[in-house]
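Work through the exercises below with the sequence and the structure open. Try each task before reading its solution.

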Amino acid sequence: MAEDSDLERTEPASQRRLDEARKKGQVPRSHELTTFATLLVGLVAIIFTGPDLYAAMKEIMVTALSFQRQQLISTAAMGEMLFALGKIAIIALLPIFGAVVLVTILTPMLIGGWLFSGEALTPNFGRLNPMSGIGRMFSPRTIVETIKTVLKSALIGGVAAWLMWQERADFIQLLVMPADSGFGMLWQMTRHTLLLVIAAMAVIVLIDVPYQLWDYYKGLRMTKEEVRQEHKEAEGDPHVKARIRQLQREAARKRMMAEIPKANVVVTNPTHYAVAIRYDSKMRAPIVVAKGAFLLAERIIEIAKDNKVAVLRTPPFARALYHHADLGEEIPSALYTATAEVLAYIYQLDLYRREGGFEPVLNTDLPVPPELDPENENQGISP
């Protein structure tokens, strides 16, 4: 039972799944909303541009039904007249077409937002499979769309038929009316019919938009197993993350070991801790280039000796550096004096080895603040 519940799509789609669907061009859309908005805006545009549109149509009809002798004998004159009439029609209809095209583009963004997906334009030859096509023909979505189309047609057709039946006497009267008054009455009847059709479309839109949103999010629901898998992928596999951290530590350790030959001195505890210090005239203060404890400390000491880097036994100073100095950073200011004494000793030792003279002696009581030495702080003693 638990396995069956894990395979049921009961969980809402995650943001990642929604983003992936959007990249594929899958967003909620309502064709009924677009149709409704197009009809409404088109009707409003016709109402506002009605006088100009009527004047343009009247001019076209009068000109088209009036023949001049030059037009009868010259095809060029006839072409010029047709071009002029076409220009008049285009200018009169352009505001209506512009408004309709604009609302057709903008309306889908109301529930799905702006979307341009190249992936949606990629040919999908799998959709050419006849069996898949038959399956889609009898899918629940197709059945619902078919029922919706039938109901929509019945509603809109019924409203239009009912209105025409109510105004049948006016339709018959148009046959005996003068052209100007007849056109005016026909426009009023057409406008009335379109308004009722748009009102019927509004009812359809109020039903279709919530349904399309529900159907879209229902189709993207996830199983509990998919949610767990996505969470694991987002957080990262613990084994992979542990391996990455291990590789990062190994890489950092290799970089650290490569810096030891450049150090001036390595101070030790003598075996518990080892810290390598480097300083030159371009630095504001000495920096720690390597540090480690136990086996790593032994490896630091071994590399230092192999590269003839001085190794000094300074337990309090080594402990203080290990615990309070970050790798690659300057040493704490409280240890400047002790560090200066160690570096001065190293300089004197190098000078002695090159030129001879008196062998320098390192001060074993380096000025290390007690609060920086963990053993002094915790136990009150220093080995």
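**Exercise 1.** With which side chain does the side chain of arginine 319 make a polar contact?

*Solution.* The model is predicted: local features need pLDDT of at least 70, side-chain atom pairs count only at pLDDT 80 or more, and totals for chains, interfaces and linings use all residues. Residues are numbered from 1 along each chain as its sequence is written, and side-chain values use heavy atoms, with hydrogens and water left out.

Step 1. Find arginine 319 in helix 16, residues 315–324. Helices (H or I, at least four residues) and strands (E, at least two) are DSSP runs, numbered from the N terminus.

Step 2. Look for the partner. The side chain of asparagine 269 makes the polar contact, at 3.0 Å. A polar contact is a pair of N or O atoms within 3.5 Å; within protein, one must be able to donate a hydrogen and the other to accept it, and residues adjacent in sequence count only if both atoms are side-chain atoms.

Step 3. Classify the residue. Arginine 319 counts as buried because its relative accessibility is 1%. Buried means under 20% relative accessible area, exposed over 50%, and partly exposed in between (1.4 Å probe, protein chains only).

**Exercise 2.** Which residues of the largest nonpolar core touch the most other members?

*Solution.* Step 1. Use the definition: a nonpolar core is a set of buried Ala, Val, Leu, Ile, Met, Phe, Trp, Tyr and Cys residues joined through side-chain atoms within 4.5 Å.

Step 1. Of the 24 residues in this core, Val265, Val267, Phe317 and Leu321 touch the most other members.

Step 2. List the elements that give two or more residues to this core: strand 3 (265–268), strand 4 (273–278), strand 6 (310–313), helix 16 and helix 17 (336–355). Helix 17 provides the largest share, six residues.

Step 3. Take phenylalanine 317 as an example. Not counting residues up to four places away in sequence, phenylalanine 317 touches residues including Val267, Ile277, Leu335 and Val342; contact means heavy atoms within 4.5 Å.

**Exercise 3.** How many bridges join strand 3 to strand 6?

*Solution.* Step 1. Two strands pair if DSSP finds at least two bridges between them. Here four bridges join the strands, which run parallel.

Step 1. Compare the two faces of strand 6. Ala310 and Leu312 form the covered face, while Val311 and Arg313 form the uncovered one.

**Exercise 4.** Is phenylalanine 294 buried or exposed?

*Solution.* Step 1. Find phenylalanine 294 in the loop between strand 5 (287–293) and helix 15 (295–306).

Step 1. Apply the cut-off. Phenylalanine 294 counts as exposed because its relative accessibility is 51%.

Step 2. Check the backbone. Phenylalanine 294 is not a glycine, yet its phi is positive, about 55 degrees.

Step 3. Repeat for lysine 308, in the loop between helix 15 and strand 6. Its phi is near 55 degrees, also positive in a residue other than glycine, and lysine 308 is exposed, with a relative accessible area of 76%.

**Exercise 5.** What percentage of the residues in the chain are buried?

*Solution.* Step 1. Of the 383 residues in the chain, 30% are buried.

Step 1. See which residues are buried in helix 3: Glu32, Leu33, Thr34, Phe36, Ala37, Gly42, Leu43 and Ala45.
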